[in-house]
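Here are a few notes from my pass through this one. Have a look at the helix packing and the pockets alongside them.

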Amino acid sequence: MHTFIALFKKETMEFNRTYKFLIVISVFMIFAIMSPLTAKFMPEILSQFLPKEVADSFPAPSALDSWAQFFKNFSQIGLFVITLLFAGTIIHERSEGTLIILLTKGLRRSTVVLVKTIFSMLVWTIMYWAAFGVTYFYTWYYWKDENVDHLGLAIGNLWLFGLLLIVVILFGNILFKSIYGNLLWTALFVGVWFIVSIFPKAEDFNLLRLATDGNNILKGLY
């Protein structure tokens, strides 16, 4: 247990020292705030540059538009940031030799992988749900009278896909000796599920739907 705590502290210090905490907090909070603000004010901004008849054709912004922006931002850029942050979490230490030193002192490889996996999942979980809380507050503030059905299911699905993606990334850290190899491995994983989505009969088994079907769930299409 002491080894686990020491390694967890080491991960936290390393993540902070390399400014990764600052990066993930900044990106996630910016998207969390911009999602409802974009939905609320973008039609007004565009109306200043478009003909009046075109601007008047825009539907009134709603809470669904805010969450549509949230899912768009986090299912694409948010997960991409997480991939970049953790693509070299083991590869980097292995190339520098620090991991070899720990292993020669009797530390188990499984312990290292377990700590890094739990740490990565905690970072994703805390930052994701914090961003959700910020978006939820602003969405409620602008659209107090609107109820969004099935929000918990849609939000939870994207969170689960993020956990799955972290497992894939950490497995890539074990398989490959370079970050580029791991990025290609992660892209291949996502690409395979994109191909699966082409076949209607395999739609119910497509894991990518956890990240891409948020808006459809909110609209009651599933």
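This is a predicted model: local features need pLDDT of at least 70, side-chain atom pairs count only at pLDDT 80 or more; totals for chains, interfaces and linings use all residues.

1. Helix 4 (residues 63-86) packs against helix 7 (residues 109-142) at about 160°, the axes being 11 Å apart. Helix 4 and helix 7 are therefore roughly antiparallel, and the crossing of helix 4 over helix 7 is right-handed.

2. Which residues in helix 4 and helix 7 meet? On the helix 4 side they include Trp67, Phe70, Phe74 and Phe86, and on the helix 7 side Phe119, Trp124, Tyr128 and Phe132 are among them. By class, this contact of helix 4 with helix 7 has 14 nonpolar residues, four polar and no charged.

3. Now the largest pocket, with a volume of about 430 Å³. Its lining takes in 21 residues, and Ser75, Gln76, Leu79, Phe80 and Val190 lie nearest the centre. Helix 4 turns up again here, giving the largest share of that lining with eight residues. At least two residues each come from helix 4, helix 8 (151-175), helix 9 (179-196), helix 10 (209-212) and helix 11 (214-218). The lining of the largest pocket splits into 12 nonpolar, seven polar and two charged residues.

4. The second largest pocket holds about 260 Å³ of space. Of its 15 lining residues, Lys20, Leu85, Gly88, Thr89 and His92 lie nearest the centre. Helix 1 (2-17), helix 4, helix 5 (91-96) and helix 7 each give two or more residues to this lining. Its classes are six nonpolar, four polar and five charged.

Methods
Residues are numbered from 1 along each chain as its sequence is written. Side-chain values use heavy atoms; hydrogens and water are left out. Axes are lines fitted to C-alpha atoms, for helices over the stretch in contact, and angles run from 0 to 180 degrees between N-to-C directions. Helices (H or I, at least four residues) and strands (E, at least two) are DSSP runs, numbered from the N terminus. Angles under 35 degrees count as roughly parallel, over 145 as roughly antiparallel, 65 to 115 as roughly perpendicular and the rest as oblique. A crossing is left-handed if the near helix is turned anticlockwise from the far one by less than a right angle, and right-handed if clockwise. Contact means heavy atoms within 4.5 Å. Ala, Val, Leu, Ile, Met, Phe, Trp, Tyr, Cys and Pro count as nonpolar, Asp, Glu, Lys and Arg as charged, and the others, Gly among them, as polar. On a 1 Å grid over the protein atoms alone, a cavity is a set of points where a 1.4 Å probe fits but cannot get out, and a pocket is an open set with protein on both sides within 12 Å along at least five of seven lines; lining residues have an atom within 4 Å of a point. Grid points are joined across faces, edges and corners, and a volume is the space filled by probe spheres set on the points.
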